[in-house]
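This briefing is meant to be read with the coordinates open beside it. It takes up helix packing, then the domains, then the ligand surroundings.

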Amino acid sequence: MTTTATAHTNIALIKYWGKKDPIFNLPTTSSLSLTLNEFYTQTTVSVNPLADELMINGQAFDSTRTHRFLDMLRDQLGDFAPLTVTSENHVPTGAGLASSASAFAALTGAVTRELGLDLSLAELSRLARRGSGSASRSFYGHFAIWHEGHDDVSSFAESLNAPAMPIALVVAEVSTATKKVGSTEGMRRAATSPDYGTWVKNSNTQLKDMLAAIQASDLEKIGTIAEANALAMHDLNLTARDAPFTYFTPETTQILTLVADMRRQGLLAYATLDAGPNVKIITSQAQAPSIVAQLQAALPALHLEIATSGAGIHYD
Ligand code: 2P0
C-alpha cells in the first residue's frame, strides 16, 4: 500500500521566534499564519523491506532530522516497519518560504494514513510540531493559529475559521551569497536580546489585535500588525547579546523602502520577513500585479511570485 499527502507551506503573520522547550518545540509565543496555495510538498510513503529511505525531488536524501522524526513517530504511535518516503517540493528554492513546514506536515499526514490511523488535525499538528514548529500550522487552509501551550499535549494549531478575503502575498526573492543563520540558532540568539521580554509581551497584544482584524477582513490592519511584528522580530536578532546578526541585505532594505513608498502612493502593501533576506508583501489580489510591476521596474533582477490563500492537507 502507498499513501500520498499534500500540505501547503504557510507564512506567519504573527511570528514564532523562540522556544521555551527545544526538544518538544514548545514556542515562547502563540503564532498565526496564512496557508499559501502556490507552494506545497507532496509526499508518498510505502513500506520498505530494509530501512527508512528518503527521496526528495528525485534524489536520495539523508536527513538526520527526518530519520529522528520517523523514530519519534514510532515512539508515539507504536513501532512500524521501515518506510520509503518520496517527496516533491513545490516551494521555489531560495524563496525564503520554509519547505520544512509543508514537508513535515505532509510526512506526518502520509505516515499516519499509511498506518491506518485516522487522527484529528489537532493530533497531526502536535506530532508535526516535533519535526518543525511551523509545520504545526500547515494542516489548515486559510488562517491558522498555533497555541503555544505549556506541554506536548497543549501545543498545537487550529483553524481560525476566518472569513474568505482577497488577501495575496508578493514574494520578492533577494539573491544572497551570505550564509544564513538557521532558525533554531537564530531563535536561541534572539532570546538573549534585552528586548526579548518586551517582544513576547507585544506579540500577545498583536495576536489579539490580529484576530480582530482577520474577523473584520481588514487587510490594512492585518498588514500593519504583521509588519510591526516581523520588524520587531528582526530587531531582536540585531540586539542579541550572544552573537547579534541580521538576515537583511542591502536589497532587503531597498525593498522595504519601496514598500513604504508604495504605501504613501495609496497602495495596500505591508512587508513581512522570515529567517532570510527575502521580503514578502501582504496585499490584495487586485493590487498584487501593480506591486510586482513597481518592484520589477525598480529592481529588474528581482524574482517575484504572487501567492494566494491555500487549502489544508489533502490526500490523493
Ligand atoms: C515562523 N519561522 O513563525 C517563523 C518566523 C521563521 C521566522 O518557523 O526550529 O523551521 O524547525 O521549529 O519552523 C521557521 O522555523 O523552526 C519559522 P524549527 P522552523 O514561521
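How are helix 2 and helix 3 oriented to each other? The model is a predicted one, and in it the axes of helix 2 (residues 99–114) and helix 3 (residues 121–131) come within 9 Å and cross at roughly 125°. Helix 2 and helix 3 are therefore oblique to each other, since angles of 65 to 115 degrees count as roughly perpendicular and those over 145 as roughly antiparallel.

**Helix 2 with helix 3**

- Helix 2 passes helix 3 in a crossing that is right-handed.
- On the helix 2 side the contact is made by F104, A105, T108, G109 and T112, which meet L124, L127, A128 and G131 of helix 3.
- Sorted by class, the residues of this contact between helix 2 and helix 3 comprise 5 nonpolar and 4 polar ones, with no charged residues.

**Helix 7 with helix 8**

- Helix 7 (residues 250–264) packs with helix 8 (residues 288–298) at an angle of about 135°, and their axes are 11 Å apart.
- That angle makes helix 7 oblique to helix 8.
- The crossing of helix 7 and helix 8 is right-handed.
- From helix 7, the residues I255, L258 and M262 meet I291, Q294, L295 and A298 in helix 8, and by class this contact has 6 nonpolar residues, 1 polar residue and no charged residues.

- According to the domain assignment, the chain holds domain 1 (2–163) and domain 2 (167–308), and the C-alpha centres of domain 1 and domain 2 lie 23 Å apart.
- Across the contact between the domains, 26 residues of domain 1 are in contact with 30 residues of domain 2.
- On the side of domain 1 that touches domain 2, the elements giving two or more residues are strand 1 (2–14) and strand 4 (31–47), and the largest share, 6 residues, comes from strand 4.
- That side of domain 1 divides by class into 16 nonpolar, 7 polar and 3 charged residues.

**Surroundings of the ligand**

- The ligand is surrounded by 15 residues, of which the closest are A12, Y16, G133, S134 and S183.
- By class, this shell around the ligand consists of 5 nonpolar, 8 polar and 2 charged residues.
- Both domains take part in the shell, with at least three residues drawn from each of domain 1 (2–163) and domain 2 (167–308).

How values were computed
Residues numbered from 1 in each chain as written. Predicted model: local features only at pLDDT ≥ 70, side-chain atom pairs only at ≥ 80, totals over all residues. Near = placed C-beta within 6 Å. Nonpolar A, V, L, I, M, F, W, Y, C, P; charged D, E, K, R; others polar. Domains from an automatic or database assignment. Axes fitted to C-alpha atoms, helices over the stretch in contact; angles between N-to-C directions. Helix = DSSP H or I, 4+ residues; strand = E, 2+ residues; numbered from the N terminus. Parallel < 35°, antiparallel > 145°, perpendicular 65-115°, else oblique. Left-handed = near helix turned anticlockwise from the far one by under 90°. Contact = placed C-beta atoms within 7 Å.
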